[in-house]
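The sequence and the structure are shown first.

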4 protein chains.
Amino acid sequence: MRVKVAVLGATGFTGEKLVELLLNHPFIEISYLASRTEKPLPYKDIFPRFNRRVDIYCEPLDVKVALKKADFFFLALPHTVSMEIAPRLLEEGRKVIDLSADYRLKDNKIYEKYYGVKHNDIKNLKKAVYGLPEFFKEDIKKALIVANPGCYPTSVILAVAPLLKEKIIDRKIIVNSLSSISGAGRKPNVEHHFINVLNNIWTYKPFVHQHIPEIEQVLKDISGKTIELTFTPHVVGVESGIYSTIYVNFKSKISLDKLRSIYESYYSACPFIRLREPLPKLRDVIGTNFCDIGFALNSDGKEAVIVSSIDNLIKGAAGLAIQNMNIMEGFKETEGLML
Amino acid sequence: MRVKVAVLGATGFTGEKLVELLLNHPFIEISYLASRTEKPLPYKDIFPRFNRRVDIYCEPLDVKVALKKADFFFLALPHTVSMEIAPRLLEEGRKVIDLSADYRLKDNKIYEKYYGVKHNDIKNLKKAVYGLPEFFKEDIKKALIVANPGCYPTSVILAVAPLLKEKIIDRKIIVNSLSSISGAGRKPNVEHHFINVLNNIWTYKPFVHQHIPEIEQVLKDISGKTIELTFTPHVVGVESGIYSTIYVNFKSKISLDKLRSIYESYYSACPFIRLREPLPKLRDVIGTNFCDIGFALNSDGKEAVIVSSIDNLIKGAAGLAIQNMNIMEGFKETEGLML
Amino acid sequence: MRVKVAVLGATGFTGEKLVELLLNHPFIEISYLASRTEKPLPYKDIFPRFNRRVDIYCEPLDVKVALKKADFFFLALPHTVSMEIAPRLLEEGRKVIDLSADYRLKDNKIYEKYYGVKHNDIKNLKKAVYGLPEFFKEDIKKALIVANPGCYPTSVILAVAPLLKEKIIDRKIIVNSLSSISGAGRKPNVEHHFINVLNNIWTYKPFVHQHIPEIEQVLKDISGKTIELTFTPHVVGVESGIYSTIYVNFKSKISLDKLRSIYESYYSACPFIRLREPLPKLRDVIGTNFCDIGFALNSDGKEAVIVSSIDNLIKGAAGLAIQNMNIMEGFKETEGLML
Amino acid sequence: MRVKVAVLGATGFTGEKLVELLLNHPFIEISYLASRTEKPLPYKDIFPRFNRRVDIYCEPLDVKVALKKADFFFLALPHTVSMEIAPRLLEEGRKVIDLSADYRLKDNKIYEKYYGVKHNDIKNLKKAVYGLPEFFKEDIKKALIVANPGCYPTSVILAVAPLLKEKIIDRKIIVNSLSSISGAGRKPNVEHHFINVLNNIWTYKPFVHQHIPEIEQVLKDISGKTIELTFTPHVVGVESGIYSTIYVNFKSKISLDKLRSIYESYYSACPFIRLREPLPKLRDVIGTNFCDIGFALNSDGKEAVIVSSIDNLIKGAAGLAIQNMNIMEGFKETEGLML
């Protein structure tokens, strides 16, 4: 019997991508879609590309109805809305993957600083598992609530965690990330206008982006090491994807072979990590749940550029969420994701 | 002494392009910019790309102030707003080029049908000259108010008027036009979102687009002939431009040489019309005030495809308006436009 | 047991898309990939995006080896190469789907006129079935060789065939088609350079494109009616897709309801045809095997614009080929294609 | 009387842009265009967008003819070709601006290391002035041969030189640069294919790009300080532009006001440098000769991100060359460039 799955927030970019991917999953059934619509609408009328592929309605979000219809919940809701809804689902024994930032930052003070609101579900915040299977798979297996990682953090953590765990790089890390505007959501906005984004590039929130504490916390959890992070996100006029170029310094000289063998030792059993030599190209991961990682070493073997590349809506959001669900539900980790 | 020029509606795509082009005009001075801002703002703060190029403020639109500051007015205002403002400028002896649709359709009933509002400046509507210099240059010279043509009409009329004037084609004309989304304005809107426009194409308003009566009226004015027009506009994910592919039938067999000589006879003295063999490419006109026209003939010499290509914001709006101003003010027709 | 499938010509856009789609097909195994490489190369080294997804080599094309390795053949080869290879495969009892033009035109004189070479496999040309399942499903079931339709013909034929079969439109049909440059293949070429294609649109081969006789032949086969076709293809700077806008005239007044019911009667049982009201958008079919069809009627009910939209590499090539394979092999028609 | 100007290498992206900009220059006349064509061709036949704007032929390059026709030479030739031609022009008293790399690196050993060929015009290499007017204006005034800077070096040097001259930053500088593919030239190549570049991003030549020694040399010339540069160029799918994000550390705490005042003190008299707060966007410089510079400071005032943005073909090549010509010929520095 298929698992009955709900997507709350089914009309944003992430919710739409969740639906698209879930349609290809052999062991689940989409049993409830909800968003802030005023009345139920056929999902295929909202997104005509789903015509002949899905017949379900998208309904105004109603937790009581949702509880009747589904056993497993994806929350593709805005920050702060998730922490209103998740407790009610957990209370009734439902499993939850939250794609907002609400359950990612363990220190609620930091959450309040970066997201501007008080956290009001500390109880579940403590229980939530950070959903990066490459490092927390055993915890995810047992989790009732998973905090799905941010898109930038996924691209950064996967690229540098092995080096930090091996304690071979300095604590100072510089990350230059490039993202599609789709990461900023569907809301109409003069900044998101076609003419403003096409052929454009801009930096935003250097030193202060809300993903900084998330990266710092998780890298510390993984490696035991406190890093010093300089993180500069950019928007570039591409359809999708995040491309991170990361600058690290080695404590002592390293060879390319050694570097490669470290990454291989961490990731050879991870179905969605691909080492790419010499260096990744963004298009190779678009439409997939892969994270491609490559690296180049300076001639003195003391400094490297690590590059990682993901589809921001898949490995950076919806695909990773399904990978987490697969682990939580005991499915094959790649189920429905090797398309 | 330079002519003092105002742009009302200086923050839309067309107003912005007007300012950009006027900055390169040797005989005018931009003396007043206005829009629906609530307070005066440096124009370069609204559009940082004008930094170090223009120092004027953009002010909340105030006709009294405008009259004090400028002698020549470009109205890059929404439909229906123009006809509120233009009479007050004309009354005070100012010359006006209106880039909205308000003064294009001579039959106010048709205006009301297509634009959904009653026309309330019939007096000036009668006086307004249609600003297509390739056919109405003498009238434009003497005009006090010029109705600047719509973008689609410019691309269509220039392509077929010579054939209609020569009375060699049937009255039935099919026009398939492709436009950049910039023609729809800057208003934020889910349809204008980068992700919705990139790599997309869609048809809208077939048979009912408001530019249909404009094309019909002007082609009749030029040729004395009533045409039967099928017009299908499309949006395509390009940065700028309109590309029209037009299907015509000849009353009797014609040769390619004959066809070429007809176009040459009409346009050899027109500085902004270029015949392009075999066929135009959109990029060749982008950033210019040119209209490129090409054609291909069926093997039986009875049917042709006429193709025209313009930059929708230049020859399709702001550039054409400056060409009209040049004629009205006695400047060289190409002044400031051969960049 | 899975069917062993070969793709000859696996490094062009179409071959690459075939591999991508075949990887998701549950009942086949890709057992042989070949192209004009000089030596065997891991397919994932040619296309790094297939890393961790396919482990097979791409080999220099050798028919003898191919025959040993596979039972079912996709020929994604250039025109004229297919007709050298196909006979040798058919002779050995292999089933073939040819994605070139070599087996589409029944009249070899017309083939020679449009493709510039003599046809040298008349025997199999006669046996070949035109692979458009919406109209020739029964023949495809029994076919040993299927001529996979051209991309433009698929988009045009599906849009107008019902109206021709119903004998309600005039024989004169005007087709304005827009295509991604990917339809022109991967060969490096100054015309295909990023800077030449981005934000560009151009018409090519009006009245003389090689897909004209294919459309005429197949529409006659379907409807018994000889049409008069004006076909104008364009390249537009989009990543993929074909968008056709088709102008037809009705013999007598028709209603929108009647028009809709005709399309429904033909296509309600066709899993990959979607009627879209009011009109299709290109993005909705990208990445899918759907053909979206929409229409608009003039106020007098005598003229319509029919719009069809496909992904040129899927429903216009590789997806349609797999749909044909499904039918030939007795699989569900949608197997592996509902992603 | 106008200066007679030649462009050698008039069919590459840079040569084409030079012609476009020179057409708007009031004090020069384009008297000779040459490229590797086999026979003279109207320039407007090679680039139809110049139709009705330029009537000159593009001829097979012949130095003797060139010397007869022009007094001032732009060399938009490939590396190694320039140093064959320049000496013959200089010998005859012509002024030369070379847009290749041949006269940029003062140490011919480094030239040979990075460009793979022996330098064979050491004499003129010594005389050549590096054409960055913001720092070498007085030398450029007197120069007979100017080495026009590389596109990446221009974007990097302008951003960090003031900080180095003030001796307030550490010698270690990390530069993450993003460039349009147009910087790689017009040569057809599978990497430059529309489908490969659209929506793509990739890193290339980290630690080893040939612009590294150029940046190091010039920053040392300007500041007296040897820097340690990590430079990572990327290609992104934008039509034009270079966007550099630069990471620097301050020797002691600095304030944003102080940082701003330093940039102002260096650049207030430079017509093509614009400080942009908070941070530049690429589109704002496209089509212009401006370099926009912005910066953000870490909360501890010890680390900054400096961002610079240029049009790679204008301030990064052709526009800068004309700025240099203006200085060499005693024209106003902005002549023909404020469009």
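A polar contact is a pair of N or O atoms within 3.5 Å; within protein, one atom must be able to donate a hydrogen and the other to accept it, and residues adjacent in sequence count only if both atoms are side-chain atoms. The model discussed here is predicted. The side chain of Arg104(B) makes such a polar contact with the side chain of Glu214(B), at 3.2 Å.

- Arg104(B) lies in a loop of chain B, between strand E6 (95-98) and helix H5 (108-115).
- Is Arg104(B) buried or exposed? Its relative accessibility is 5%, and because buried means under 20% relative accessible area, Arg104(B) counts as buried.
- When neighbours within four places in sequence are set aside, the residues in contact with Arg104(B) include Leu99(B), Leu125(B), Tyr130(B) and Ala147(B).
- Asn148(B), Pro149(B) and Gly150(B) are also among the contacts of Arg104(B), as are His211(B), Glu214(B) and Gln217(B).

**Interface of chain A and chain D: extent**

- The contact involves 38 residues of chain A and 38 residues of chain D.
- About 3300 Å² is buried between chain A and chain D, with 58% of this area on carbon and sulfur atoms.
- Of the area that chain A buries against chain D, 21% comes from Ile201(A), Phe207(A) and Arg283(A), more than from any other three residues.

**Interface of chain A and chain D: interactions and composition**

- Four salt bridges are counted between chain A and chain D.
- Lys281(A) and Glu191(D) form a salt bridge in which the closest N and O atoms are 2.5 Å apart.
- Polar contacts link 26 residue pairs across the interface of chain A and chain D, both residues being at pLDDT 80 or more.
- Elements of chain A that each supply at least two residues to the side touching chain D include strand E9 (172-179), helix H9 (194-197) and strand E10 (201-203).
- E9(A) gives the most to the side of chain A that touches chain D, namely five residues.
- By class, the side of chain A that touches chain D comprises 21 nonpolar, 11 polar and six charged residues.

**Relation of chain A to chain D**

- Chain A is superposed on chain D by a rotation of 180° with 0.0 Å of shift along its axis, at an RMSD of 0.0 Å.
- The two copies are therefore related as by a two-fold rotation axis.
- Both copies use the same surface, since 100% of the contact residues of chain A recur in chain D.

**Interface of chain A and chain C**

- Chain A and chain C each contribute 24 residues to their contact.
- The area buried between chain A and chain C is about 2000 Å², and carbon and sulfur atoms give 44% of it.
- Two salt bridges are found across the interface of chain A and chain C.
- Arg283(A) forms a salt bridge with Glu239(C), the closest N and O atoms being 2.8 Å apart.
- There are 12 residue pairs in polar contact across the interface of chain A and chain C, both residues being at pLDDT 80 or more.
- Strand E13 (residues 273-275) of chain A gives the most to the side of chain A that touches chain C, with three residues.
- The side of chain A that touches chain C has 11 nonpolar, five polar and eight charged residues.

Note on methods
Residues are numbered from 1 along each chain as its sequence is written. Chains are lettered from A and ligands numbered from 1 in the order in which they are written. This is a predicted model: local features need pLDDT of at least 70, side-chain atom pairs count only at pLDDT 80 or more; totals for chains, interfaces and linings use all residues. Side-chain values use heavy atoms; hydrogens and water are left out. Contact means heavy atoms within 4.5 Å. Buried area is the accessible area (1.4 Å probe) that two parts lose on being put together, summed over both. A salt bridge is a side-chain nitrogen of Lys or Arg within 4 Å of a carboxyl oxygen of Asp or Glu. Helices (H or I, at least four residues) and strands (E, at least two) are DSSP runs, numbered from the N terminus. Ala, Val, Leu, Ile, Met, Phe, Trp, Tyr, Cys and Pro count as nonpolar, Asp, Glu, Lys and Arg as charged, and the others, Gly among them, as polar. Buried means under 20% relative accessible area, exposed over 50%, partly exposed in between (1.4 Å probe, protein chains only). Copies are superposed by least squares on the C-alpha atoms of residues with pLDDT of at least 70 in both.
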